[in-house]
Every structure is written in C-alpha cells, then in structure tokens.
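Please consider the structure shown below with attention to its aromatic side chains.

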Amino acid sequence: EEDKKKGDGEEEEEEEEEKTFLLLGGDARPVRVFAIYQLWKRGLLTDTSWSLADPVECGGEAFFGPRTLPPELPTDEFCKLFPKNLDIEVGEVESKDSTFPASYLYSSTKMSIVFESSVDGRYNKSLFLTEKILKPIYGGHPFILLNAARYALNVIRRFGFETFGDFIDESWTTSPAFTDEGLPQDLRGNPTTDKLIALMESVQRLTKEQWIGMRRIAEKNRRHLVCGGFRQVLEAQAADVLQEIARRTFTPPKQY
C-alpha cells in the first residue's frame with residue numbers, strides 16, 4: 001500500500017486509541033487528588049481521559065482548606081501532570097458547572113468515573129445529587145459514582161434511571177463503610193482506594209457482550225433524560241412534596 005501523501009503545511013495526525021475511562025475531576029478537592037494519585041501510581045491513568053485543577057500541594061489555590069495527604073505526595077513527576085484540561089479550562093467554574101462536556105469525550109471513552117459533590121459532617125454525608133451524575137447520562141455513558149452518600153444509587157433509580165449492577169459490583173454503595181473506610185482520616189470518600197482500583201480493573205476485563213449490555217442501559221438512561229421521562233418523574237415527586245406540605249400546613253387541629 002502506498003503511503004498517504006500529506007498536503008503542504010499539513011501535519012500527520014495520529015488517531016488516539018479509545019480509552020476505557022473518562023474522569024472529569026474539576027476542582028482539586030482532597031479526595032479527588034488522592035484518587036488521581038493512586039490511579040497514577042497503579043498505572044490506570046494511561047487508560048483514562050481525565051482532568052483536574054492544580055492541587056494545592058502542586059501550587060494550586062487552597063479553596064478547600066488544609067489537608068494532610070500521604071507523605072510521599074507530591075512528587076515532582078506527579079505535579080507535572082497539572083493542570084490537566086480536556087475540553088475546557090478546569091478553573092472556569094461557570095463553564096464546567098453549567099454546560100455538558102463535549103460529546104467527543106464520551107464517544108472516545110467507554111465509562112465515566114463521577115466525583116459527586118457531598119455535604120458531610122465528620123461521619124455522615126447528606127444524600128443528594130448534582131448535575132455531575134447527569135453529564136455521563138446525557139453522554140450515553142455507563143458510570144461509577146464516587147464520593148456520594150450511602151444509597152446514592154437508590155436515589156438515581158428512584159428518578160427512573162437504571163444502574164449497572166448486573167455487570168459491575170455496586171454492593172459497596174450500601175456498605176456502612178461506603179464513606180470512610182480505607183482513606184486517611186481527613187480524606188473521607190468512597191469507595192476505598194483498593195475497591196476503586198479493583199472495580200476499574202474488573203471493568204477492563206468486561207467482555208464485548210457485557211459492554212453491549214451496559215451501553216444498552218446507558219442509551220435507555222439517555223432517552224429517559226432527554227425525552228421527558230426524567231422531567232415527568234421530577235414533576236410527580238414535586239407534586240407529592242407540595243401536597244404533603246399543604247396537608248401538614250392546613251390540616252385543622254383535632255377537636256377535643
């Protein structure tokens with residue numbers, strides 16, 4: 001076969017190999033830095049398209065207060081990775097929080113790892129979800145949910161979406177240790193680092209047929225989001241809440 005000829009001024013573009021994971025880290029919160037560091041150490045970042053702002057240990061701004069990371073962090077080699085941008089500058093808060101990521105990020109990867117936001121005390125996290133989980137759903141991606149409250153996947157299912165327990169281990173999401181086991185005291189997050197590594201490695205071993213099954217669920221979730229099903233569920237739940245508020249507010253006191 002003849003080599004393809006390049007025109008004047010054209011540069012030959014190498015087609016990037018599809019990666020398994022997409023991880024949009026955003027702000028350099030402690031648990032995200034810790035997870036990225038462990039994935040880097042284990043070699044899993046080479047199979048991941050990812051982004052994250054500069055950690056404070058690597059010269060970033062300390063938005064999230066003091067932290068105590070492992071004594072071997074940072075290293076010069078690790079800090080050279082930051083800031084890691086994909087479709088947008090990770091410091092542009094308004095852009096990343098109000099828009100969906102570029103579609104090519106999902107078409108060039110297979111599965112999203114989602115760092116949910118959380119509001120937590122020392123031992124408990126409030127159970128709520130943000131726009132972060134909607135991004136992979138809109139992108140037609142299966143997902144692994146991190147750093148959320150216990151039973152967060154149950155909330156996702158109550159909104160009419162399906163998760164991927166037939167193909168990956170989701171049992172850890174209901175464990176009492178879901179929010180704190182296996183991380184340093186001030187870096188409570190989930191799942192544990194070892195669990196996350198094992199989960200990602202199990203995903204890399206999925207068969208073609210299993211991927212087809214997960215993509216079928218992911219596409220069903222996408223249709224539920226964009227075709228009105230999700231909105232109908234939200235409206236029905238909001239109506240139930242308002243009716244309960246009205247019942248409690250306007251029910252006359254008992255007569256004795």
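Ring pairs join Tyr-37, Trp-40, Trp-50, Phe-78 and Phe-82 into a cluster. Rings of Phe, Tyr and Trp (for Trp, its six-membered ring) are paired if their centres lie within 6.5 Å; planes under 30 degrees apart count as stacked, over 60 as edge-to-face, and the rest as tilted. The model is a predicted one, in which local features need pLDDT of at least 70 and side-chain atom pairs count only at pLDDT 80 or more, while totals for chains, interfaces and linings use all residues. Residues are numbered from 1 along each chain as its sequence is written, and side-chain values use heavy atoms, with hydrogens and water left out.

Over the whole structure, a search finds nine aromatic pairs. One of them is formed by Trp-50 and Phe-82, whose ring centres are 5.7 Å apart and whose planes meet at 75°, so this pair is edge-to-face. Because Trp-50 belongs to strand S2 (residues 48–51) and Phe-82 to the loop between helix H2 (76–79) and helix H3 (93–98), the pair ties together parts that are 32 residues apart in sequence. Helices (H or I, at least four residues) and strands (E, at least two) are DSSP runs, numbered from the N terminus. Trp-50 has a relative accessible area of 4% and is therefore buried; Phe-82, at 9%, also counts as buried. Here buried means under 20% relative accessible area, exposed over 50%, and partly exposed in between (1.4 Å probe, protein chains only). The ring of Trp-50 also has a charge over it: the charged end of Lys-84 sits 5.3 Å from the ring centre. A charge is assigned to this position if NZ of Lys or CZ of Arg is within 6 Å of the ring centre and within 35 degrees of the ring normal.

Which kind of aromatic pair do Phe-100 and Tyr-138 form? Their pair is stacked, at 4.1 Å centre to centre with 20° between the planes. Phe-100 lies in the loop between H3 and helix H4 (103–107) and Tyr-138 in helix H5, so the pair ties together parts 38 residues apart in sequence. Phe-100 is partly exposed because its relative accessible area is 41%, and Tyr-138 is likewise partly exposed, at 33%.

Leaving aside residues up to four places away in sequence, Tyr-138 touches Phe-100, Arg-222, Leu-225 and Val-226, where contact means heavy atoms within 4.5 Å. Arg-222 lies over the face of Tyr-138, 5.0 Å from the ring centre. Val-226, in helix H8 (residues 208–226), counts as partly exposed at 43% relative accessibility.

As for the protein as a whole, it contains nine helices and four strands, arranged along the sequence as β-α-β-α-α-α-β-α-β-α-α-α-α. Buried residues account for 41% of its 256 residues. Among contacts between residues at least 6 apart in sequence, 72% join residues at least 24 apart.
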